[in-house]
Amino acid sequence: MENKQIANFFAEIAELLELQGENPFRIRSYQNAARIFGDMSESVVAMVRSGQDLREIPGIGEGISKKIIEIVETGKLKFLEEQRAKVPAGLPELLRIEGLGPKKVKLFYDRLGIDSLDKLEDAAKAGKLRELEGMGEKSEEKILKGIATLRRGLGRFKLSVGLSYAEALVAYLKKAKGVKRLEPSGSLRRRCETVGDLDILAICANDSPLMDNFTAYDDVEEVIAKGETKSSVRLRCGLHVDVRVLEPGSFGSGLQYFTGSKAHNIALRSRANDRGLKLSEYGVFEIQTDKKVAGKSEEEVYKVLDLPLIPPELREDRGEIEAAEKGELPKLIELSDIHGDLQMHTKESDGKDTIEEMVEAAKNLGYEYIAITEHSKAVRIANGLDEKRLAEHLKRIDKVNAKLSGFRVLKGIEVDILADGSLDLSDDILKECEVVVGSVHSRFNMEEKEMTQRIIRALKNPNVNFLGHPTGRLILEREPYKVDLKEVIKAAIDNNVIVEINAYPDRLDLRDVDARMAKEMGAKLSISTDAHSKLQLDVMKYGVFTARRAWLEAKDVVNTLPLARLLKAIRTGT
DNA sequence: GCCGTTTTCGGCCCGACTGTTTTCAGTCG
């Protein structure tokens with residue numbers, strides 16, 4: 001059973017308890033558990049089987065730990081089934097309608113017997129909801145809109161997509177008179193792999209037309225709310241965007257608040273309370289006197305809570321507050337630490353540009369090396385290379401290198417890991433390559449054991465020195481294949497194989513939490529773009545974002561090394 | 001349900017907005 005499934009048990013319990021009007025703090029405990037297990041890289045099942053006490057995890061106590069043991073042992077959970085029996089099956093779905101929560105859903109069911117989207121839609125259209133207390137015509141309209149949005153199925157957007165919308169919008173808003181500062185916050189600022197909406201914070205003069213300009217933006221489909229300090233719109237692509245205007249004296253606390261995450265903020269506010277302080281988006285205040293003690297900058301807010309500034313990418317309540325308290329925050333890797341790029345394709349397989357063009361673009365980024373890693377022959381659709389073509393290609397790389405000074409093109413290949421774990425090219429030709437990236441591109445639907453053994457066998461080949469996109473996922477499009485990552489990473493360490501964070505924004509593979517586990521296990525990592533054109537070399541930043549969210553420092557990533565030391569690290573692991 | 005150098009019981013983050021109301025409940029982030 002996957003962690004995600006275990007998380008779902010608790011998320012469902014939380015919803016069912018909400019619909020029964022249970023104690024909100026009890027509900028939060030289940031929501032927390034769902035978040036904790038959903039975020040976890042290590043397999044919960046494996047932890048339980050090895051006898052680990054889950055109560056060691058903050059937020060997990062007696063009750064939930066017992067429930068997990070039951071899930072692992074029986075695949076079921078009696079408590080969940082009992083809750084399901086108490087709540088009509090259609091109600092949880094109604095909670096996904098924006099603006100509708102457990103109280104209203106329960107009211108509709110108790111009074112009108114509504115237990116499905118269709119019934120709710122009919123009742124709203126027939127004007128029956130307005131007869132209930134606390135309901136009116138506008139509420140009905142809102143519910144109908146919410147149902148329509150839900151049916152359109154617009155969910156989250158890839159970070160790269162969110163960033164490009166944010167950049168365009170910020171560039172546009174900047175032109176409004178009186179705008180002094182604009183700062184995207186939220187999950188975008190934390191560089192989460194997907195974003196659900198955009199929160200843009202602003203400082204501007206009182207008479208600034210910022211809000212008018214915002215709601216008049218070309219790409220706006222619907223204006224949801226418009227006020228002096230807060231406006232909300234939905235863009236044509238379905239992305240929800242809020243713009244909020246803050247006072248300069250509250251910008252730091254506002255930025256802190258809107259950057260989140262929710263769990264990080266709750267932990268921080270709780271910490272403020274312990275110190276007789278109250279934290280909100282307006283600042284930090286003494287509870288007794290209501291005196292404001294911080295708010296202008298984020299540094300200030302964290303400082304009065306006796307903490308150093310915690311980088312946005314770490315604010316997930318995954319131990320960053322404890323680490324900050326002990327002065328043990330990592331010195332996170334930066335884009336400028338990157339010395340080169342170790343996976344890319346040219347015209348020879350499925351890329352768009354030549355070796356020379358890739359070199360030119362890489363030099364412009366300030367790199368001192370790249371590795372050209374074409375596909376191997378098994379990936380026919382990508383025009384993969386066989387032994388003969390690869391030998392010729394390596395000669396071409398030699399020729400390019402002969403003309404370069406202060407820059408080196410490493411001879412590489414992205415060799416396919418075949419279904420049985422053997423490689424798609426002979427050892428004789430692989431020996432000629434300096435960078436051999438082993439990757440899986442086929443038979444994604446194997447059982448976990450089989451897939452794990454397949455990859456481990458490939459890693460044992462002494463010619464393989466990198467593992468490419470280790471889980472094969474495509475964000476929002478394709479689930480990772482089933483694999484025991486911990487075993488794979490262990491094998492990578494034992495066989496001196498560097499584990500890749502694929503920076504391609506559709507992949508970001510390893511994920512943040514997996515990369516963090518890899519680091520903690522002692523693995524060496526690389527960040528590579530997998531670029532298929534010279535322009536795509538720019539996606540390195542997404543890999544760095546993921547690495548930062550994984551708590552990685554420059555020393556954890558081999559392509560922060562200068563060439564000579566990189567080559568040594570590939571050969572010897574040091 | 002979780003947690004504890006103020007506690008094993010009694011707390012548990014905070015404020016805005018909306019739509020419905022004449023002071024507030026529900027929802028959201």
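Predicted model: local features only at pLDDT ≥ 70, side-chain atom pairs only at ≥ 80, totals over all residues.

Visitor: How many residues of domain 1 and domain 2 are in contact?

Guide: Four residues of domain 1 are in contact with six residues of domain 2, and the two domains bury about 310 Å² between them, with 27% of it on carbon and sulfur atoms. On the side of domain 1, Glu98, Lys145 and Arg152 lose the most area to domain 2, and together they make up 83% of what that side buries.

Visitor: And how many salt bridges are there across that interface?

Guide: There are two salt bridges across the interface of domain 1 and domain 2. Lys145 forms a salt bridge with Glu222, and the closest N and O atoms of that pair are 3.2 Å apart. The residues of domain 1 that touch domain 2 comprise three charged, one polar and no nonpolar.

Visitor: Switching topic, is helix α22 mostly covered or mostly open?

Guide: Helix α22, residues 512-521, is mostly covered, with seven of its ten residues buried; these are Asp512, Val513, Asp514, Ala515, Arg516, Met517 and Ala518.

Visitor: What do those buried residues pack against?

Guide: The buried residues of α22 pack against helices α2 (24-39), α21 (485-494) and α23 (540-549), and also against strands β16 (498-502) and β17 (525-528). After α22 comes Gly522, which has a positive phi, near 105 degrees.

Definitions and conventions: Residues numbered from 1 in each chain as written. Chains lettered and ligands numbered in written order. Heavy atoms only, no water. Buried < 20%, exposed > 50% of the residue type's maximum accessible area, 1.4 Å probe, protein only. Helix = DSSP H or I, 4+ residues; strand = E, 2+ residues; numbered from the N terminus. Contact = heavy atoms within 4.5 Å. Buried area = accessible area lost by both parts, 1.4 Å probe. Salt bridge = Lys/Arg side-chain N within 4 Å of Asp/Glu carboxyl O. Nonpolar A, V, L, I, M, F, W, Y, C, P; charged D, E, K, R; others polar.
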